[in-house]
Amino acid sequence: MEFYLCGKDTDVYKAVEGLQVGDRVDLEGFLYWYNGPNLHTTGIGVKVN
């Protein structure tokens, strides 16, 4: 999570903050290369079983 790109009041920040061990998630974003592969997350959704 790129915390410096979104504030604590954003939906994506709150969704990540609320994750629990074992949660299944869908991530949206893009992959870029800087000293190796890096994922830039732009959205997250928690899957309901």
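Where is leucine 31 found? Leucine 31 sits in strand S1, and the views below start from there. This is a predicted model, so to speak: local features need pLDDT of at least 70, side-chain atom pairs count only at pLDDT 80 or more, and totals for chains, interfaces and linings use all residues. Residues are numbered from 1 along each chain as its sequence is written, and side-chain values use heavy atoms, with hydrogens and water left out.

**View 1. The hairpin of S1 and S2.** Strands S1 (25–33) and S2 (residues 37–46) pair in the antiparallel sense over nine bridges. Strands are DSSP runs of E with at least two residues, helices are runs of H or I with at least four, and both are numbered from the N terminus; two strands pair if DSSP finds at least two bridges between them. Tryptophan 33 has proline 37 in S2 as its bridge partner. Three residues lie between the strands, and asparagine 35 takes a positive phi near 55° in this hairpin.

**View 2. A nonpolar patch on the surface.** Val25, Leu27, Leu31, Leu39 and Val46 make up the patch, with about 450 Å² of accessible area together (Shrake-Rupley method, 1.4 Å probe; for residues, only the protein chains shown count as cover). Patch residues have over 30% relative accessible area and no salt bridge, with nonpolar side chains (Val, Leu, Ile, Met, Phe, Trp, Tyr) joined within 5 Å and like charges within 9 Å. A salt bridge here is a side-chain nitrogen of Lys or Arg within 4 Å of a carboxyl oxygen of Asp or Glu. S1 gives the most, with three residues. Leucine 31 counts as exposed because its relative accessibility is 61%, while leucine 39 is partly exposed at 45%. The cut-offs: buried is under 20% relative accessible area, exposed over 50%, partly exposed in between (1.4 Å probe, protein chains only).

**View 3. Leucine 19 in the loop between helix H1 (11–17) and S1.** Leaving aside neighbours within four places in sequence, leucine 19 is in contact (heavy atoms within 4.5 Å) with Val25, Ile44 and Val46. Leucine 19 and valine 46 are 27 residues apart in sequence, yet 8.0 Å apart in space, C-alpha to C-alpha.

**View 4. An aromatic pair.** A search of the whole structure turns up one such pair. Phenylalanine 30 and tyrosine 32 form it, tilted, at 6.2 Å centre to centre and 50° between the planes. Rings of Phe, Tyr and Trp (its six-membered ring) pair if their centres lie within 6.5 Å; planes under 30 degrees apart are stacked, over 60 edge-to-face, the rest tilted.
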